[in-house]
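Subject: Structure handover

Hello,

Here is the structure I promised to pass on. Please open it alongside this note.

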Amino acid sequence: NPPASTLFLGNLSFDCSEETLTEVFHEYGQIKGIRLPTDRETGAPKGFGYLEMTSTEEAVAAFDALQGADVAGRPVRLDYAKAREDAGGDRGGRGGGRGFGDRGDRGGRGGRGGTTNRGGFGDFSGKKVNFD
């Protein structure tokens, strides 16, 4: 991916913490934030993360210096993270049931609520008149 201020960190040790990453990366610039996703059910780390630097230049310096470096006992794999806007719906990946799947538990068709009127005029409240 093209250089960006956020780095994707792959092949992280499950022992790797935000503190460990801060120690390793802070000498290349100021760290704005670190995200280490965990498994929803078990809370165990997923083995990757994102580290945002305050500038793309700092991220490039860290990328160049630390690609393949030993972090918490494993060689870290770095890439530039895509901007989150582009990621759109592919966040969550294998995480299962978000998106359309979980709409089913609302029951029935949902619909407009209490009205039986299908005409789009709200609930009509005039008098019924027959033209015989």
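Which residues does T6 touch, not counting residues up to four places away in sequence? They are Y50, L51, E52, D79, Y80 and A81. Contact here means heavy atoms within 4.5 Å.

Before the rest, a word on the source. This is a predicted model, with residues numbered from 1 along each chain as its sequence is written. Local features need pLDDT of at least 70, side-chain atom pairs count only at pLDDT 80 or more, totals for chains, interfaces and linings use all residues, and side-chain values use heavy atoms, with hydrogens and water left out.

**T6 and its strand**
T6 sits in strand β1, residues 6-10. Strands (E, at least two residues) and helices (H or I, at least four) are DSSP runs, numbered from the N terminus. T6 has a relative accessible area of 14%, so it is buried. Buried means under 20%, exposed over 50%, and partly exposed in between (1.4 Å probe, protein chains only).

**The core**
The largest nonpolar core has 18 residues. Such a core is a set of buried Ala, Val, Leu, Ile, Met, Phe, Trp, Tyr and Cys residues joined through side-chain atoms within 4.5 Å. L7, L9, L21, F25, L51 and L78 touch the most other members. Two or more residues come from each of β1, α1 (18-25), β3, α2 (56-66) and β6 (77-80). The largest share is from α2, with four residues. Leaving out residues up to four places away in sequence, L9 has contacts that include L21, F25, L51 and L78.

**The salt bridge**
The whole structure holds one salt bridge. The term means a side-chain nitrogen of Lys or Arg within 4 Å of a carboxyl oxygen of Asp or Glu. The partners are K32 and E52, with their closest N and O atoms 3.5 Å apart. K32 lies in strand β2 (residues 31-35) and E52 in strand β3 (residues 49-53), so the pair links distant parts of the chain, 20 residues apart. Is K32 buried or exposed? K32 counts as exposed, because its relative accessibility is 56%. E52 is partly exposed, at 24%.

**The cavity**
One cavity of 30 Å³ or more turns up. A cavity is a set of points on a 1 Å grid over the protein atoms alone, where a 1.4 Å probe fits but cannot get out. Points join across faces, edges and corners, and volume is the space filled by probe spheres set on them. The largest cavity has a volume of about 50 Å³. Residues lining it (an atom within 4 Å of a point) include L12, F14, K46 and F48.

Best wishes

Definitions and conventions
On a 1 Å grid over the protein atoms alone, a cavity is a set of points where a 1.4 Å probe fits but cannot get out, and a pocket is an open set with protein on both sides within 12 Å along at least five of seven lines; lining residues have an atom within 4 Å of a point.
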